Amino acid sequence: MSVTPVWPDELFTDLDRTGPVPLYYQVSSRLEQAIRSGTIPTGSRLENEISIGERLGLSRPTVRRAIQELVDKGLLVRRRGIGTQVVQGQVSRPVELTSLYEDLKHGHHEPSTEVLSYEVIPAPEEVAEKLSVAVGSDVLRIRRLRGTDGVPVAILENYLPKEFTDIIEADLKSKGLYQLLRARGVTIRIANQSISARRATADEADLLGESRGGPLLTMERIAFDDSGRAIEYGHHCYRPELYRFETTLVAK
């Protein structure tokens, strides 16, 4: 796949090839500055490592390490079938009672949503237990692909009790789930949440552009309203190079 160079010619003309600063670091630093300044715009695709190496007169391992530095910082993402793409940076999410949609907005990212499934189903035993409803009772199951900057970030799967089965599917494409619940007068007061990691299934890998069996961050949450009633159960998975959770620890 041929990709047009996305940086100005002068960006790498004065690389110091004999000094003490490693070449991979020089390349990585200049690419980072160009991305953060907007010289290389969000959504741009880089050439492959071989092409970049040939243009800059650098070895493939040097280019690969420079690119990996920016992948680790969340400024570049590798997508199967597309290549290496520029993003706005890793999404940092505080461990608070907020939705991913809200966190993206607050972080000056523009969320995008694809509703993968939207259906009323009989509550399986696990879901019934989490929501404190009868097994087999109607619950709304929603599965969405959330992205930002044109790149998929997370797969969100949520279950809600019967009274919320009239939530409109179209609204889920333009609003966050908690935003919709609050608009209905629901006060989300507390939640039990666990954060973990596991390997991506084939379906998840295809949706997120990750390698099959590659690592994913996961989060499971049960949210309760101010009366103590469970109003939402969700389990989500995130691309680890684009996403992180943050919390503040205080000594007792």
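Which helix does L180 lie in? L180 sits in helix α7, residues 177–183; helices here are DSSP runs (H or I, at least four residues) and strands are E runs of at least two, numbered from the N terminus. This is a predicted model, in which local features need pLDDT of at least 70, side-chain atom pairs count only at pLDDT 80 or more, and totals for chains, interfaces and linings use all residues. Residues are numbered from 1 along each chain as its sequence is written, and side-chain values use heavy atoms, leaving out hydrogens and water.

L180 has a relative accessible area of 10%, so L180 is buried (under 20%; exposed is over 50%, partly exposed in between, with a 1.4 Å probe and protein chains only). Leaving aside residues up to four places away in sequence, L180 touches I167, D171, L172 and K175 (contact means heavy atoms within 4.5 Å).

| Helix | Residues |
|---|---|
| α1 | 23–37 |
| α2 | 49–56 |
| α3 | 60–72 |

In α1, the buried residues include Y24, V27, L31 and I35. The buried residues of α1 pack against α3, β2 (76–79) and β3 (83–86). After α1 comes G38, with a positive phi near 90°.

How does α2 meet α3? E49, I50, I52 and G53 of α2 contact R60, V63 and R64 of α3.

Conventions
The expected span of a helix is 1.5 Å times one less than its number of residues. Axes are lines fitted to C-alpha atoms, for helices over the stretch in contact, and angles run from 0 to 180 degrees between N-to-C directions.
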